[in-house]
Amino acid sequence: MRNRFFIESAFAYIRTVPVSLAIRELNRLLAFKDIKKNYGLTNLNPILDVGCGDGFWWQLQPEHERDNIFGIDISDTLVKEANKYINAELCDISKDRPFKDRNFPLIVGNCSLEHVEDISTALTNIHKSATQKSCTLILIVPTVHWAYQGYTQQFLLRKFPRIAMAISGALNGFFQHWHVYDYSVWEIILQKTGWRVIDGFGLGNKKSEFLFRLFLPFAFIGFIFKSIIGFYPNKLFKFVPKFLLQPIIILMEWALKNPIVDKNDSSAYELIIVAEKNVTS
């Protein structure tokens, strides 16, 4: 079942975004699926996706399940796209509580909250959206050392740390990362906003990182094309027969066989944090 889900998801992604981006998204998707199963969260509905983007993350869920998925984003264009898959609305989580007529037993922030400047207010508003008795929050954020990965950065960090730190800062600035913390800092931030962290893991491994960097030049080319024509050239892959794309799928399956690693693993580029609503707050 998982193999079929992976293959369908992989084909859908590489026909939409560059392979490097597909690797990252699939790693998160597989980890989220595993954590839902391992923590008994599979049947929790409705789900709130904070920073849902275009909603594509949910596109392979059965339609009757997508009826129970609600998403928010600050981009009107992305919200319109997301409404093709889920129930989405325009909302800035750092200013307002979303879907005021609903409460959610499961909330996910898929690489979104690190982009929110006022993280305390955002997490407080998310807490207000949680169901009264209990709620699980699954938060995916970059690790502190994500921008130091790769042979070049590792060399610079050893020999010329100031240069490595300047490059890291530039990368975080380019991606508008307001919040890049280690696990213990996230624990404190979440605790102060009404959440209790119950577990944490790393996302990514040496194999997925190798494949990500192998296809990274094509991702940059794709980004340039998207800025000109409005979409990634990968959308043209829908005209390519599946058997020609199969070698890429096999590589991705090899790299993403174990999507979750220890939170202290040096190859992890993201953290996935599982927290519960503190009912005493």
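The face of helix α8 turned away from its buried side carries the exposed residues Gln191 and Lys192. In this predicted model, the buried side of α8 (residues 183-192) is made up of Tyr183, Trp186, Ile189 and Leu190. Seen down the axis of α8, these buried residues fall within an arc of 120 degrees, so they line one face of the helix.

- An α-helix has 3.6 residues a turn, so residues three or four places apart point the same way.
- The cover over the buried residues of α8 includes α5 (119-129) and the strands β5 (136-142), β6 (195-203) and β8 (270-277).
- After α8 comes Gly194, whose phi is positive, near 95 degrees.

**Nonpolar cores**

- The largest nonpolar core has 46 residues, and those with the most contacts inside it are Phe6, Tyr13, Ile14, Leu26, Trp58, Met252 and Ile272.
- At least two residues of this core are supplied by each of α1 (2-14), α2 (19-38), α4 (76-82), β4 (106-110), β5, β6, α11 (242-255) and β8, and the largest share, nine residues, comes from α2.
- A second, separate core has 29 residues, including Ile93, Val116, Leu139 and Val141.
- Trp58, one of the residues with the most contacts inside the largest core, touches Phe32, Ile47, Asp49, Arg66, Ile69, Ile86 and Val108, when residues up to four places away in sequence are not counted.

- Ile35 has its place in helix α2 and, at 1% relative accessibility, counts as buried.
- Leaving aside neighbours within four places in sequence, Ile35 is in contact with Leu41, Ile138, Phe201, Ile260, Ile272 and Val274; the C-alpha atoms of Ile35 and Ile138 are separated by 8.9 Å, although the two residues are 103 residues apart along the chain.
- Trp57 lies in the loop between β1 (47-50) and α3 (63-66), and at 6% relative accessibility Trp57 counts as buried.
- Not counting residues up to four places away in sequence, Trp57 touches Tyr13, Glu25, Arg28, Leu29, Phe32, Val108 and Asn110.
- Trp57 and Leu244, which are 187 residues apart in sequence, are 24 Å apart in space from C-alpha to C-alpha.

**The pair α9 and α10**

- The axes of α9 (residues 206-214) and α10 (residues 216-229) come within 4 Å and cross at roughly 45 degrees, and the two helices are therefore oblique to each other.
- Where they meet, α9 contributes Phe212, Arg213 and Leu214, and α10 contributes Leu216, Pro217 and Phe218; the residues of this contact divide into five nonpolar, no polar and one charged.

**Backbone details in loops**

- The peptide bond from Asn45 to Pro46 is cis, with omega near -5 degrees, and Pro46 is found in the loop between α2 and β1.
- Phe99, in the loop between β3 (87-90) and β4, has a phi near 45 degrees, a positive value in a residue other than glycine, and at 10% relative accessibility Phe99 counts as buried.
- Cys111, in the loop between β4 and α5, has a positive phi of about 50 degrees although it is not a glycine, and Cys111 is buried, with a relative accessible area of 15%.

Key: Residues are numbered from 1 along each chain as its sequence is written. This is a predicted model: local features need pLDDT of at least 70, side-chain atom pairs count only at pLDDT 80 or more; totals for chains, interfaces and linings use all residues. Side-chain values use heavy atoms; hydrogens and water are left out. Buried means under 20% relative accessible area, exposed over 50%, partly exposed in between (1.4 Å probe, protein chains only). The arc is that of the directions from the helix axis to the C-beta atoms. Contact means heavy atoms within 4.5 Å. A nonpolar core is a set of buried Ala, Val, Leu, Ile, Met, Phe, Trp, Tyr and Cys residues joined through side-chain atoms within 4.5 Å. Axes are lines fitted to C-alpha atoms, for helices over the stretch in contact, and angles run from 0 to 180 degrees between N-to-C directions. Angles under 35 degrees count as roughly parallel, over 145 as roughly antiparallel, 65 to 115 as roughly perpendicular and the rest as oblique. Ala, Val, Leu, Ile, Met, Phe, Trp, Tyr, Cys and Pro count as nonpolar, Asp, Glu, Lys and Arg as charged, and the others, Gly among them, as polar.
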